[in-house]
Each structure stands twice: as structure tokens, then as C-alpha cells.
Amino acid sequence: MLARHHHPIAAIATAPGRGAVGIVRISGKALAPLVEVLCGRSLTPRQASYLPFCDAAGRPIDQGLAIFFPAPHSYTGEDVLELQAHGGPVVLQLLLARCLEAAAENDAAAGQPRLAGLRLAQPGEFTERAFLNDKIDLAQAEAIADLIDASTETAARSAARSLSGEFSKEVHALLDQLVHLRMLVEATLDFPEEDIDFLQQADAQGQLTRLQQTLATVLQRAQQGAILREGIKVVIAGQPNAGKSSLLNALAGAELAIVTPVAGTTRDKVSELIQIDGVPLHVVDTAGLRDSLLPEVDEVEKIGIERAWTEIQSADAVLFLHDLTRQRTPDDLRIALNYRAADAEIAAAITDRLPANTPVIDVWNKSDMADAEVLAAVASGVPISAKTGAGLQQLRQQLLRVVGWQAAPEGVFMARERHVRALRQVEAQLARADAQLHARAPALDLLAEDLRQAQNALSNITGQFTSEDLLGEIFSKFCIGK
């Protein structure tokens with residue numbers, strides 16, 4: 001534990017701005033002398049006391065509730081004092097300043113500061129102490145931030161399940177199976193005369209198979225949880241006037257983007273967070289894609305087209321929008337042929353620029369204006385009308401399918417990309433271990449090493465083996481006071 005973890009800390013624990021209630025929180029060892037000065041008396045543990053909060057001269061700052069949580073029965077595992085006052089920024093700053101001032105004052109009886117070293121907390125430091133003091137594991141600590149940041153009800157419920165320890169229980173169950181298998185393999189290494197017969201009698205292969213099956217289930221649920229946490233970036237792409245802005249407005253249920261018949265109206269990206277069945281989607285409308293060398297394309301639109309391609313390349317899924325009314329134009333066949341040729345060029349460019357596993361959905365817009373022959377010619381993709389809403393529900397469900405959302409919401413726990421990477425590493429190590437067991441002459445030392453590395457990867461999820469750098473990165477993204 002670093003030296004800073006031994007210092008008492010204080011912070012405003014509620015969000016910036018005005019509110020009905022604001023909280024100042026202090027955590028550290030031996031807070032009792034400070035509690036008596038700030039509150040004017042000692043407090044009954046874990047009971048709210050209504051009293052005045054005064055400055056050093058005895059003048060009232062505010063009146064509110066004070067709650068004292070002696071260690072170890074507190075959020076951080078240390079003594080914790082919470083002062084609940086009215087939620088004005090000035091009031092809370094005065095109260096926090098008084099806490100720091102009172103801590104630095106000498107105690108008359110002891111002749112030394114009441115709480116030496118009390119300082120302002122860093123982002124996430126209260127939760128970091130809860131982790132370091134074994135109140136929660138690392139996956140639960142991350143779930144606290146995920147619960148605060150949840151953008152949909154489904155995400156919030158999933159984060160709450162992870163906070164309650166559901167994800168951690170799954171990981172610990174995997175660890176128990178893995179440790180038992182390691183024990184068998186390493187016992188064989190210690191007693192080489194037993195050799196492979198011992199592993200066969202102990203059904204090591206069966207244990208490994210069951211472990212891989214359980215891991216596959218946990219990995220699948222973690223991948224769904226990562227989708228809930230991170231959301232899905234969906235980019236709408238296509239030629240000018242295909243209806244991209246209208247589609248964004250239809251999906252969002254609001255007039256977010258300007259819609260006009262003029263080609264090149266959208267010059268920069270327009271983004272909106274929406275949800276489909278509780279899954280957050282970051283939908284991005286982009287400038288229409290066309291040849292930047294055309295005389296009607298000005299410098300501003302050229303920049304918009306460049307930015308459109310940048311957004312497309314970073315997408316989790318692309319909606320490639322086509323205009324059905326321009327697929328077959330009897331009055332001017334040349335217009336239809338040029339439009340289809342341009343669509344083909346854009347499709348080829350998207351294929352070249354996107355990773356192979358990024359899904360592209362062909363969306364055929366203006367179905368309300370297209371004749372039956374044109375609609376019948378659409379072999380793949382989703383026909384819609386951004387104007388009337390026809391086909392939008394089918395498009396929403398298709399989006400969820402192509403990005404891999406398949407779990408029932410109530411069965412998902414919140415997870416992060418680092419958890420998924422760790423589980424994939426375990427999957428790879430177990431695959432190597434399985435290959436060793438199936439070999440004609442298994443190298444048991446390599447088998448043991450594969451299992452050891454798999455165990456370390458699993459332990460990283462809950463924080464049993466975690467570097468200080470990783471902890472710093474995780475907790476620095478929390479809000480101050482949490």
C-alpha cells in the first residue's frame with residue numbers, strides 16, 4: 001500500500017452545483033477527536049444526529065445531519081464521518097474548509113493536531129480504499145462507477161448485479177475449478193512416478209472441459225455486459241439526400257439534424273445517444289459521401305466528407321443508406337445508373353476501410369415512395385421509411401443482432417473491455433492446456449504453466465493480482481468524493 005493510502009482524506013461527495021442536500025465525507029483512522037470538535041459532541045455510531053455545523057469562532061455554517069461509521073463497518077473500512085448539509089456550493093466549501101482547519105488544530109489534551117495529514121481526496125480514492133481494505137473487490141469497485149454512469153435502465157440494473165458480487169462469484173467459481181486442476185497437475189510434477197495415469201484417474205480432461213464450458217458462458221455474459229457499458233457506435237453513411245439526417249431524427253424521436261432537399265446540408269457529424277431494448281447506441285449522422293472533386297463540393301463540405309470517413313472507420317456498425325427513389329428513374333435513366341455506380345464505389349470504399357468484423361447493414365430508405373417493382377428487387381438489407389417509420393423496428397432489431405446482443409437483460413452483469421480481454425486470455429491458455437492433455441506425450445510443466453497464467457488472468461479481474469498502474473488508471477476515472 002502506498003504512503004498516501006495511510007493519510008486521512010476529505011471531499012465533497014455530491015455532484016457539483018446546487019441541490020437540496022450536499023455531503024462532505026471524511027475517511028481515516030481515529031476520527032473521534034475530530035468528530036467531537038466538528039459536531040460539538042460524540043456521536044452514536046451509525047445513527048443520524050441533527051445538529052449545527054459551526055466555524056472556528058462558533059458561528060453557524062449550516063444545520064444538518066452527521067453520521068459516524070467506526071471502522072471496520074464503513075464504506076472504506078476506516079472510520080468515516082458524513083456531514084449532510086444543504087446542497088449549496090458555498091456552504092459545502094465552507095464546511096469542507098472547516099474540516100481541514102479543525103483537523104490541523106492542536107488537540108488541547110494531546111498537544112498535537114487532531115487529525116494530522118488530513119487532505120483533499122483524489123478521484124475515486126474512497127472507493128479505492130474500500131478495495132484495498134477488502135470491503136469490495138476490483139470488479140465491484142468498477143461496478144460503482146458503472147452504476148453512476150449508466151445511460152439506460154438495463155445498464156443500471158446490470159451494474160447493480162455486478163456491485164452485489166454476481167460477476168465476482170462467477171469469476172471465483174472459475175478460479176476454484178482452475179486451482180483444483182492446477183493442484184492435480186502440480187502434484188503429478190512432484191511425484192513423477194505417478195505420471196499421466198494419475199491425471200487420467202482424476203479425470204483432469206473432464207475437469208478442463210467443464211472449466212472451458214463454464215468459461216464460455218461467463219465470457220458470453222461479460223461480452224453482453226461490455227456492450228451495455230460501452231454502448232455501440234453506429235454511423236449512418238451514404239450519398240447526399242439519401243435520408244441520413246431523417247433516419248437519425250426518426251431513431252432519436254426528435255428533430256436533431258437539419259433536413260432539406262439541398263445536397264450537402266449536413267457538413268459535420270451530428271451525434272445522439274439512444275437506446276434499443278436498454279442497449280445504448282451512439283448514433284452518428286455524417287456528411288453525404290460523394291466525389292470531393294465535383295465542382296459543387298466546396299471546402300467546408302470536403303472537410304465534412306473527410307470527417308465522415310473518420311467516423312465510419314471507428315464505427316461498431318455502419319448503416320449504409322440507399323435512396324430507393326433513385327434506383328430506377330424512368331425519366332432519366334442516366335441519373336439512376338450514376339446513383340447506383342456511386343453506391344457501388346462507396347460500398348467498395350467502406351469494405352476497404354473497415355475492419356473485416358465490422359457489420360454493414362444496407363438500409364433502403366423512402367420505401368413509402370418506391371414502386372413495388374423496385375421494392376421487390378431489394379434482395380438484402382432492410383427497407384424503411386424514415387418519414388413514416390415503416391421498417392424502423394426491424395432495423396433496430398437487426399442492429400442488435402449484428403453487434404452480438406443476444407442475452408436476456410436480467411441475466412447480464414456489467415463488465416468492462418478489460419474483463420473481456422482477461423477472459424479471452426484465459427480461454428487461450430485453457431486451449432493450450434487442452435492441447436497438452438491431448439498430446440501423445442504431454443509436457444506437464446507446460447500444462448502447469450498454462451494453468452498458472454490462466455489463473456493470473458482471472459485474478460486480475462477481481463484485483464487479487466493487480467499493478468498499481470492499473471489501479472491508478474481505474475480509480476482516476478471516478479468522480480471526486482467517490
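The tour goes from a sheet to the cores and then to the pockets.

A quick word first: this is a predicted model, where local features need pLDDT of at least 70, side-chain atom pairs count only at pLDDT 80 or more, and totals for chains, interfaces and linings use all residues. Residues are numbered from 1 along each chain as its sequence is written, and side-chain values use heavy atoms, with hydrogens and water left out.

**Stop 1: the sheet**

The six strands form an open sheet with mixed pairing, in the order β3-β4-β5-β2-β1-β6. β3 (49–54) and β6 (119–120) are at the edges with a single partner strand each, so one side of each has no neighbour in the sheet.

Now pick out β1 (9–12) and β2 (19–28), which pair in the antiparallel sense over four bridges; to pair, two strands need at least two bridges found by DSSP. Look for isoleucine 12, which stands opposite valine 24 in β2.

**Stop 2: the cores**

Next, select Leu430 and Leu458. In the largest nonpolar core, which has 35 residues, these two touch the most other members. Such a core is a set of buried Ala, Val, Leu, Ile, Met, Phe, Trp, Tyr and Cys residues joined through side-chain atoms within 4.5 Å, and buried means under 20% relative accessible area (1.4 Å probe, protein chains only). Colour α6 (166–190), α8 (204–230), α14 (417–438) and α15 (444–462), the elements giving two or more residues to this core.

Which residues does leucine 458 contact, leaving aside neighbours within four places in sequence? They are Val171, Leu174, Leu175, Leu178, Leu423 and Val426, where contact means heavy atoms within 4.5 Å. Another core, of 33 residues, lies apart from this one and includes Ile274 and Met414.

**Stop 3: the pockets**

Select Leu289, Arg290, Asp291, Leu294 and Ala342: of the 23 residues lining the largest pocket, these lie nearest its centre. A pocket, on a 1 Å grid over the protein atoms alone, is an open set of points where a 1.4 Å probe fits, with protein on both sides within 12 Å along at least five of seven lines; lining residues have an atom within 4 Å of a point. The largest pocket's volume is about 650 Å³, and α11 gives the most to its lining, with nine residues.

Finish at Ile227, Ile232, Asp316, Val403 and Glu417, which lie nearest the centre of the second largest pocket. That pocket holds about 410 Å³ of space, and α8 gives the largest share of its lining, four residues.

Terms used: Buried < 20%, exposed > 50% of the residue type's maximum accessible area, 1.4 Å probe, protein only. Points joined across faces, edges and corners; volume = space filled by probe spheres on them.
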